[in-house]
Amino acid sequence: QVQLVESGGGLVQAGGSLRLSCAASGRTFSSYAMGWFRQAPGKERDFLATISRGGGNTVYANSVKGRFTISRDNAKNTMYLQMNSLKPEDTAAYYCAAKDDTSRYFSPETRPQTYDYWGQGTQVTVSS
């Protein structure tokens, strides 16, 4: 098992930046492919980005491609989401998730139901 804790959310003006962190504890962090998702009130949980176990492969949703960057530091058991050029429509609760990955090759998953563990979320609010 792995426990995930997000941090770094807050209130920012449109055009600003934030960096979210996801700290993991428990089982070996590098055993998991990781992902970031977000959920606005009354809406479904949306995929944002995923990263392979070693960090060499990433996939992004079109809505954040070019603005958000996912990364991980396995030595620190931490994943990050650098968010630039933030827009009011980016306002949501942001979640990190871990997917147990024993496969040889990275198969990026965008479906929330395929992830095994979730953090509690951190709120991001972008004002216009």
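A: Buried means under 20% relative accessible area, exposed means over 50%, and partly exposed lies in between (1.4 Å probe, protein chains only). This is a predicted model, in which local features need pLDDT of at least 70, side-chain atom pairs count only at pLDDT 80 or more, and totals for chains, interfaces and linings use all residues. Residues are numbered from 1 along each chain as its sequence is written, and side-chain values use heavy atoms, with hydrogens and water left out.

A salt bridge is a side-chain nitrogen of Lys or Arg within 4 Å of a carboxyl oxygen of Asp or Glu. By this rule there are 3 salt bridges.

One of them pairs Glu-109 with Arg-111, at 2.9 Å from N to O. Glu-109 counts as buried because its relative accessibility is 18%. Arg-111 is partly exposed, at 43%.

Salt bridges with shared partners join Arg-38, Arg-67 and Asp-90 into one network. Arg-38 and Asp-90 meet at 2.8 Å, N to O. Arg-38 lies in strand β4 (residues 32–39) and Asp-90 in the loop between β8 (78–83) and β9 (92–100), so this pair ties together parts 52 residues apart in sequence. Strands (E, at least two residues) are DSSP runs, numbered from the N terminus.

Asp-90 also forms a salt bridge with Arg-67, with the closest N and O atoms 2.8 Å apart. Arg-67 lies in the loop between β6 (58–60) and β7 (68–73), so its pairing with Asp-90 ties together parts 23 residues apart in sequence. Asp-90 and Arg-67 are both buried; Asp-90 has 0% relative accessibility. Arg-38, at 11%, counts as buried too.

How values were computed: Helices (H or I, at least four residues) and strands (E, at least two) are DSSP runs, numbered from the N terminus.
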